[in-house]
Amino acid sequence: IWGVNPLKKRWFRRLVKKEELFSGGSCTSGAVGPVAYVFRKISDFLSGITLHEFTHDQRINLGPLHDAIERLFAAARTMARSTSGAGTTVGKVIRAFAGRSTFLSLREGYGGASVANILIKLKRGWGRKLTVEDVKQMLREAAKDPSLEDVIYIHEEPYELDANLVKGMPYSCVIDLNRVRIIGDFLIIDAWYDNELAYSTRML
């Protein structure tokens, strides 16, 4: 995941030597991964749901041309529950979340961007130690890191983001600070992304 596992890490360099083929994860892992990375040291597990724009491998018309039943339906006319590889990918590249992350995707065809509603279970006691402002500052600092400055965008305007505002943005992880919440030991963050443009930008 871009910005999350740079080659300067010794364990990652060893992995690169063993593998012949690498993937950049997915558009959703590009949104979830940076957030998970920021809070990895104070987290127990991660889960969430992404409301995802439909993609090229879904059927535009109803028809038996896909091996996943949930992707057979006309993509632009339905909401379909689907799997997301983001949970598995985050667990592979951030060792703190190995076996401790899962994600669900709801596919919709509305022509805008996608959003991941990320739920992080904090380690015991951190829900009382952290304030929402602490979390916002941690995210601001992460966005200034050279490895993440082109990946994370922080939205600080006094209005919430929507799909049309995010459409066309090249960042993999557009964080709306208006939507940061702490409920007990759970941290909730919304990360938006243009699932086609942002991922393509990382590839280039």
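Trainee: Where is I182 found?

Mentor: I182 is found in strand 7, residues 181-183. Strands are DSSP runs of E with at least two residues, helices are runs of H or I with at least four residues, and both are numbered from the N terminus. This is a predicted model, in which local features need pLDDT of at least 70 and side-chain atom pairs count only at pLDDT 80 or more, while totals for chains, interfaces and linings use all residues. Residues are numbered from 1 along each chain as its sequence is written, and side-chain values use heavy atoms, with hydrogens and water left out.

Trainee: Does I182 count as buried, partly exposed or exposed?

Mentor: I182 counts as partly exposed because its relative accessibility is 21%. Buried means under 20% relative accessible area, exposed means over 50%, and partly exposed lies in between, with a 1.4 Å probe and protein chains only.

Trainee: What separates the C-alpha atoms of I182 and L122?

Mentor: They are separated by 9.7 Å, and the two residues are 60 residues apart along the chain.

Trainee: Which residue is the bridge partner of L122?

Mentor: In strand 4, L122 is the bridge partner of S43. Strand 1 (residues 43-53) and strand 4 run antiparallel and are joined by eight bridges. Two strands pair if DSSP finds at least two bridges between them. Strand 4 also pairs with strand 8 (residues 186-193), in the antiparallel sense over eight bridges. There, W192 in strand 8 is the bridge partner of V115.

Trainee: How many residues of strand 4 are buried?

Mentor: Seven of the nine residues of strand 4 (residues 114-122) are buried, and the strand is mostly covered.

Trainee: How many residues are buried in helix 2, and how many in helix 3?

Mentor: Twelve of the twelve residues of helix 2 are buried, so helix 2 is largely enclosed by the rest of the structure. Helix 3 is mostly covered, with six of its eight residues buried. Among them are T89 and V90.

Trainee: How many aromatic pairs does the structure hold?

Mentor: The structure holds one aromatic pair. Y153 and Y171 form that pair, which is tilted, at 5.2 Å centre to centre with 35° between the planes. Rings of Phe, Tyr and Trp (its six-membered ring) pair if their centres lie within 6.5 Å; planes under 30 degrees apart count as stacked, over 60 as edge-to-face and the rest as tilted.
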